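Trainee: Could we go through this model together, one question at a time?
Mentor: Gladly; let us look at it first.

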Amino acid sequence: MRSRFRDSIITMAAAVLIPVLPLAVSSAAGQAPAPGVPRLPDGKPNFTGIWQSLGTAYWDIQDHSPQAGPFYQLGAIGAIPGGQGIVDGNEIPYQPWAAEKKKENFASRLTLDPEIKCYLPGVPRATYMPFPFQIIQSGTDVVIVYEYRTANRVINVAKQREPAVDTWMGISNGHWEGNTLVVEVTGLNGQSWFDRVGNFASENVRIVERYTFADPDHLDYEATIEDKTVFTRPWKISVPLYRRKERNAQLTEFKCVEFTEELIYGHLRKQTNK
Amino acid sequence: MSHRLLACILVLVALAAVSAAQVRPSAPAAPAAKTWTPPKTAWGDPDLQGTYTSDDFMDTPIERPVALGERLYLTQDELAREAAQLAKEAEADLREAVAPDARVSTGPPGHWGERARRPPRQTSLIVDPPNGRMPPLTNEGQKRLNATEARQTALTPQRPPASWEDYDLYIRCITRGAAGSILPSSYDNGTQIVQAPGYVTLLHEKVHEARIIPLDKRPHVGQNVRSYLGDSRGHFEGNTLVVETTNFLDNKTGIGRNGNGIPGSDALRLVERFTRIDPNTIQYEMTIDDPKIYTKPWKISFPITQESGYELFEYTCHEGNFAMFNSLSGARAEEKAAAERAKQK
């Protein structure tokens with residue numbers, strides 16, 4: 001009883017206080033600001049923290065059923081869980097040639113998937129891999145460090161940067177629309193995939209990401225993908241990101257290059273006399 | 001690495017600057033008291049943010065030549081010679097950039113790499129012990145030194161690589177380790193520092209590394225969580241960021257350029273100090289405490305500087321490691337050819 005009474009006082013106090021806090025700025029996109037989200041001294045939402053997507057989009061960003069894995073020795077451990085996709089409307093509007101190429105990618109995924117070789121994951125794939133990532137947000141710029149392969153990128157907010165060359169992680173330029181951090185990613189080299197089933201884009205892709213707090217421990221992540229070389233229209237993915245709440249959570253180094261050398265160079269190892 | 005065009009411009013500027021015969025040495029290791037007050041972040045931490053490079057110290061030896069004894073700084077004459085040498089290199093770089101056919105060497109052109117922008121004042125990166133040399137090694141340290149030297153001489157045409165494991169972790173595009181990622185090397189010496197409330201992040205261009213340093217005084221992770229870059233914890237002492245790093249993997253990278261040198265032990269405790277001494281300079285200091293390898297702690301110190309137009313580029317090492325493929329397949333092809341020659345005899 002007593003604690004419930006105290007709760008109601010706190011609720012009342014909060015009801016009085018919340019409108020006073022500087023977070024009642026409605027965003028350009030129109031979404032209401034989530035109450036109680038951490039903020040930097042300049043009033044911007046502070047995304048600093050460790051985040052991770054749940055779900056199985058890392059395997060296939062479209063709806064998919066569970067299936068056996070490629071190595072029977074791994075049994076249930078190596079099986080592929082099913083799950084709901086993260087593509088709005090579930091359809092990826094490939095041009096006919098690109099739909100064919102996606103099928104070829106799938107058929108040859110054990111040799112072609114850049115993740116198998118521990119290559120940099122690209123954007124947006126890095127976001128929903130089965131690894132956490134950490135956002136470090138300064139007053140001016142934002143850094144994202146992904147546990148997978150220590151992939152990282154700077155989101156330039158203070159001063160935009162032109163991509164000088166195409167790269168795996170591209171060049172990210174950010175701006176604020178109300179409480180949403182909008183990030184335009186260009187200069188991608190088109191060699192990374194979206195998932196393990198071979199969904200792909202080209203080096204002409206332009207990705208616009210949107211990071212918005214749903215509540216203090218959840219982000220709504222959206223990415224719009226435009227690539228006239230590969231798709232017939234822009235399309236969008238949406239996936240929630242969960243804050244890692246373990247006490248003293250931190251990224252654990254995952255330097256996977258050394259886990260792939262036998263796969264990549266094994267046939268070039270000196271054969272000892274038999 | 002800075003932009004190629006920019007590099008050419010820098011060379012021009014460097015030429016002009018150096019030929020003005022005014023030797024402007026790099027920042028001293030022990031800065032004199034200054035009136036300059038470092039800025040603070042909006043949340044009150046000393047602001048170290050920016051993109052810094054250790055290019056100026058790329059030619060400074062880690063260990064001081066014995067003949068120089070306890071002398072840490074170059075004389076004015078030595079500085080002038082260094083400046084003249086830099087000017088000569090800059091001129092050669094420029095000539096190659098303008099007329100690539102004039103090049104006679106077989107290596108990559110000089111302007112592909114980077115150069116010191118001003119002569120470094122120090123005679124060595126090691127500042128303690130006072131003789132600028134590593135302290136005596138333990139038996140284990142000596143054993144590892146011998147093994148490292150044996151491996152370095154192993155890759156001759158007579159002894160081609162049996163596998164990728166004959167190469168070091170840097171050549172394999174795995175890592176240069178925490179110390180090796182900031183010690184100056186011949187190119188791509190950039191480190192970008194980004195701060196947030198509760199964190200400092202170091203992004204190292206070469207090998208695409210990131211170190212995230214929590215400032216909240218949390219304990220280190222458990223002893224069984226080991227990594228190449230270790231487990232870092234930071235705090236501010238006045239305007240100095242102090243970073244203590246433990247939990248290193250055993251026998252991987254060393255305290256040397258690109259992580260070479262004697263591979264450190266799992267007992268290594270690295271203490272780094274970052275002090276911003278002027279708007280463009282951080283005095284960087286590293287104390288190496290590895291009782292299994294060295295008989296006492298020792299210290300490296302040098303400045304890192306922000307340079308106009310210098311920015312980081314994506315260092316996609318593993319994805320483009322054709323040299324590894326070529327070197328191994330070349331070795332196997334030569335073995336096959338030799339076997340066939342032997343058969344014909």
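Trainee: Let me start with α5(B): what distance does this helix reach from its first C-alpha to its last?
Mentor: Helices here are DSSP runs of H or I of at least four residues, strands are runs of E of at least two, and both are numbered from the N terminus. The expected span of a helix is 1.5 Å times one less than its number of residues. With 23 residues, α5(B) is expected to span 33 Å, and its computed reach is close to that, at 33 Å.

Trainee: Before we go on, what should I keep in mind about the model and its numbering?
Mentor: This is a predicted model, in which local features need pLDDT of at least 70, side-chain atom pairs count only at pLDDT 80 or more, and totals for chains, interfaces and linings use all residues. Residues are numbered from 1 along each chain as its sequence is written, while chains are lettered from A and ligands numbered from 1 in the order in which they are written.

Trainee: Which residues of α5(B) are buried?
Mentor: A residue is buried if 20 or more other C-beta atoms lie within 10 Å of its own, exposed if 12 or fewer, and partly exposed in between, with C-beta atoms placed from the backbone. An α-helix has 3.6 residues a turn, so residues three or four places apart point the same way. In α5(B), the buried residues are M324(B), S327(B), L328(B) and A331(B).

Trainee: Which element of chain A is included in what covers those buried residues of α5(B)?
Mentor: Contact means that the C-beta atoms of two residues, placed from the backbone, lie within 7 Å. Part of the cover over the buried residues of α5(B) comes from chain A, namely from α4 (261-265).

Trainee: Which element gives the largest share of the side of chain B that touches chain A?
Mentor: The contact takes 40 residues from chain B and 35 residues from chain A. On the chain B side, the elements giving two or more residues are β3 (190-196), β4 (199-204), β5 (209-214) and α5 (322-344). The largest share, 5 residues, comes from α5(B).

Trainee: How many nonpolar residues does that side of chain B have?
Mentor: Ala, Val, Leu, Ile, Met, Phe, Trp, Tyr, Cys and Pro count as nonpolar, Asp, Glu, Lys and Arg as charged, and the others, Gly among them, as polar. The side of chain B that touches chain A has 13 polar and 6 charged residues, and its nonpolar residues number 21.

Trainee: Is Y199(B) buried or exposed?
Mentor: Y199(B) lies in strand β4 of chain B. Its contacts beyond four places in sequence include T48(A) and I136(A) from chain A, and I212(B) from its own chain. Because Y199(B) has 22 C-beta neighbours inside 10 Å, it counts as buried.

Trainee: Which residues have the most contacts inside the largest nonpolar core?
Mentor: A nonpolar core is a set of buried Ala, Val, Leu, Ile, Met, Phe, Trp, Tyr and Cys residues joined through C-beta atoms within 7 Å. The largest one has 98 residues, and its largest share, 5 residues, comes from strand β3 (residues 142-146) of chain A. Those with the most contacts inside it are V142(A), V143(A) and I144(A).

Trainee: And which residues of chain B is V143(A) in contact with?
Mentor: Leave aside the neighbours of V143(A) within four places in sequence. In chain A it is in contact with I136(A), N152(A) and V154(A); in chain B, with V194(B), T201(B) and L203(B).

Trainee: Where is P234(A), and why is it partly exposed?
Mentor: P234(A) sits in the loop between β8 (218-226) and β9 (235-243) of chain A. It touches T224(A), I225(A) and E226(A), not counting residues up to four places away in sequence.

Trainee: How many residues does domain 2 of chain B give to its contact with domain 1?
Mentor: Domain bounds come from an automatic or database domain assignment. Chain B is divided into domain 1 (1-30 + 75-119) and domain 2 (39-71 + 126-320). Domain 1 gives 12 residues to the contact, and domain 2 gives 18.

Trainee: Over which residues of chain B does pLDDT stay under 50?
Mentor: pLDDT is the predictor's confidence in each residue, from 0 to 100. The mean for chain B is 88, and 86% of its residues reach 70 or more. The stretch where pLDDT stays under 50 is residues 2-24.
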